[in-house]
Amino acid sequence: MSAQSSSLASTVAIPSNVAVEPAMPDVLPPIKVRRGFAGFVYRHPTIAFGAALLIAMLSIAVLAPYLGTVDPTALSPAKRTRSPSAEFWFGTDMLGRDVYSRVMYGARVSLAVGFSVAILASLAGLAIGLISGFVRWADGVIMRIMDGMMSIPPILLAVALMALTRASVSNVVTAITVAEFPRVARLVRGVVLSLREQPYVDAAVAAGTRSPMIILRHILPNTLAPMTVQATYICASAMIVEAILSFIGAGTPPNVPSWGNIMAEGRALWQVKPFIVFFPAAFLSLTVLAVNLLGDGLRDMLDPRMAKRL
Amino acid sequence: MLAHIGRRIVATIPVMAIVALFVFSLLYIAPGDPAAVIAGEQASPEDVEKIRRGLGLDRPFLSRFGDWSWHILQGDLGTSMFTGLPVTQLIVQRLEPTLSLMVVTLILAVTIAVPMGVMAAWKAGTWVDRGLMAFAVLGFSVPVFVVGYLLAYVFALELDWFPVQGYTPLSAGFWPWLENLVLPAIALGCVYIALIARITRASMLEVLQQDYIRTAQSKGMGQGGILFVHALKNAAVPIVTVIGIGVALLIGGAVVTESVFAIPGLGRLTIDAIVRRDYPVIQGIVLLFSLVYVLVNLVVDVLYTLLDPRIRY
């Protein structure tokens, strides 16, 4: 308002017979359009921050052997339970293994489990959800089974499945996938049911398009956005569940350095040597935070109506 | 109303039947032969066969499932393979600490999370909102046992405000009981608080845009009255829903929290059962917790009609 009146005042001060370019009242501030990478970062700071943090963790996982680490399983009983120092950045555990090296290698297990579960649960959920949404007679049966599976708290279901099998990373992935995929199936089914009522789907049916083509061209692309968001949350949740399973001794085999295992081993000593638990805990929390931020940012970007609501 | 409640109760039966079928299949496909375990090392194959027939293990899947379900309906969850005690008895012994932890967490979480979400919605877009929601994202991201160790380290080991670990039964007095549960409840409640606060904020934002809120403001009603009487009541349905759904998080988290704080509850029983591969105990616990979860959500369903009379079935 004040900017407008000052520009008017300057217009009045100029004699009327002098031709000047009329001063534009600057009521609307100029819109600065930010393009490219910088613009994306500006518009979606949560995605940018989450992605940067996640890339950092991925780099740690991939480059673990080159980050000044030693063999994460090498025992040196003479140097056990050392506090953090220049030689052992994060100290050593009760068997004399270097906690820093173990935490760096542990990133591999957490991220591998997180990503595998996110992908597998999405694919399984997508398949079941599409069948349930499209094949009416199967819908009732499939959804009752999904309801039943969702009535078992996910961690408990994963624990029960792990109790049946050997401890291995692939079994952990399977157990968490089984516990998580019904939620995706339910989501996809909901999207499919609402899409089926859309006029363009009716139009496609009327035009004689075959069902597989309708699914591929009209239904699938519309399920991708909500599914991507769901997949990031599943990834975050899978990493936490993996750590919990390993922590209670029903997860990754003890010889594999995973963040949950390192914490499980540090548990007995945590009152005197808390760093053994705290370093993997901090890395796990940061990684999960990165994925959650990415998910929140993606949700806001892909569904602007929901943005800033949740 | 009663008919509606009746229908909802009937609707939970197939869900629980599927849970039971699923849980039974776990034991069915479990590795190892229970008959061989019971018979012992020196038993001849004929003895093992005799025990197998005695236990009915040679009968077909569905017939065994029917039998097993019949026993469960009578409250018999089988016998622990390790201790030889009835599973029901083992569970009842460990029920109090877990139930205490979950109830305290539930009360704590709801009393913190709902005002937090209301506050964030009221101050939407300000630093208060941002701070509260940042806390919510953190609450989602830091695993329950990490929060547990952090709290135990700071408030029990360093400051010595609370006991580090352990559990005091309620029969020993209310305050000693509560004192032991404060830290575990906060640790367990973090994710739950984050979840409820986010949904409360989203639901409140929706309601605060309604005309009747403006009417309440223009007639000079106090801010607190508007937020907690007009708005919160109308925003309650999604909040109550998520409180019900979140009980799954509480159940899963309780297992871990109990192990961090050395609480002798069902979580400890679960971990012991996993280590010993004591399948009947695992089955019993999974069934019990699933039943609790289904019942909580049944109560939530019934609450809808009380909270919002417009909802009719």
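1. Let's start where the two chains meet. In this predicted model, the contact draws 41 residues from chain B and 36 residues from chain A. On the chain B side, the elements that give two or more residues are helix 1 (2–29), helix 6 (127–141), helix 7, helix 8 (174–208), helix 11, helix 12 (266–276) and helix 13 (279–307). Sorted by class, the side of chain B that touches chain A holds 34 nonpolar, 5 polar and 2 charged residues.

2. Now for chain B as a whole. Chain B has 13 helices and 0 strands, and reading along its sequence gives the pattern α-α-α-α-α-α-α-α-α-α-α-α-α. Along the principal axes, the C-alpha atoms of chain B fill a box of roughly 85 × 55 × 35 Å.

3. How much of chain B is buried? Of the 313 residues in chain B, 37% are buried. Contacts are worth a look too: among those in chain B with a separation of 6 or more, 73% come from residues 24 or more positions apart.

4. You may find it handy to view chain B in two parts, domain 1 (2–73) and domain 2 (93–307). The C-alpha centres of domain 1 and domain 2 of chain B are 34 Å apart. Their contact takes 13 residues from domain 1 of chain B and 11 residues from domain 2 of chain B. The side of domain 1 that touches domain 2 in chain B consists of 10 nonpolar, 2 polar and 1 charged residues.

5. Helix 7 (residues 144–158) of chain B packs with helix 11 (residues 236–260) of chain B at an angle of about 30°, and their axes are 9 Å apart. Because angles under 35 degrees count as roughly parallel, helix 7 of chain B is roughly parallel to helix 11 of chain B. The crossing of helix 7 and helix 11 of chain B is right-handed.

6. Which residues make the contact between these two helices? From helix 7 of chain B come Val144(B), Phe145(B), Gly148(B), Tyr149(B) and Ala152(B). Helix 11 of chain B supplies Gly253(B), Val256(B), Thr257(B) and Val260(B). By class, the residues in the contact of helix 7 with helix 11 of chain B are 6 nonpolar, 3 polar and no charged. While you have this pair on screen, recall that helix 7 and helix 11 of chain B are also among the elements that give two or more residues to the side touching chain A.

Terms used
Residues are numbered from 1 along each chain as its sequence is written. Chains are lettered from A and ligands numbered from 1 in the order in which they are written. This is a predicted model: local features need pLDDT of at least 70, side-chain atom pairs count only at pLDDT 80 or more; totals for chains, interfaces and linings use all residues. Axes are lines fitted to C-alpha atoms, for helices over the stretch in contact, and angles run from 0 to 180 degrees between N-to-C directions. Helices (H or I, at least four residues) and strands (E, at least two) are DSSP runs, numbered from the N terminus. Angles under 35 degrees count as roughly parallel, over 145 as roughly antiparallel, 65 to 115 as roughly perpendicular and the rest as oblique. A crossing is left-handed if the near helix is turned anticlockwise from the far one by less than a right angle, and right-handed if clockwise. Two residues are in contact if their C-beta atoms, placed from the backbone, lie within 7 Å. Ala, Val, Leu, Ile, Met, Phe, Trp, Tyr, Cys and Pro count as nonpolar, Asp, Glu, Lys and Arg as charged, and the others, Gly among them, as polar. Domain bounds come from an automatic or database domain assignment. A residue is buried if 20 or more other C-beta atoms lie within 10 Å of its own, exposed if 12 or fewer, and partly exposed in between; C-beta atoms are placed from the backbone.
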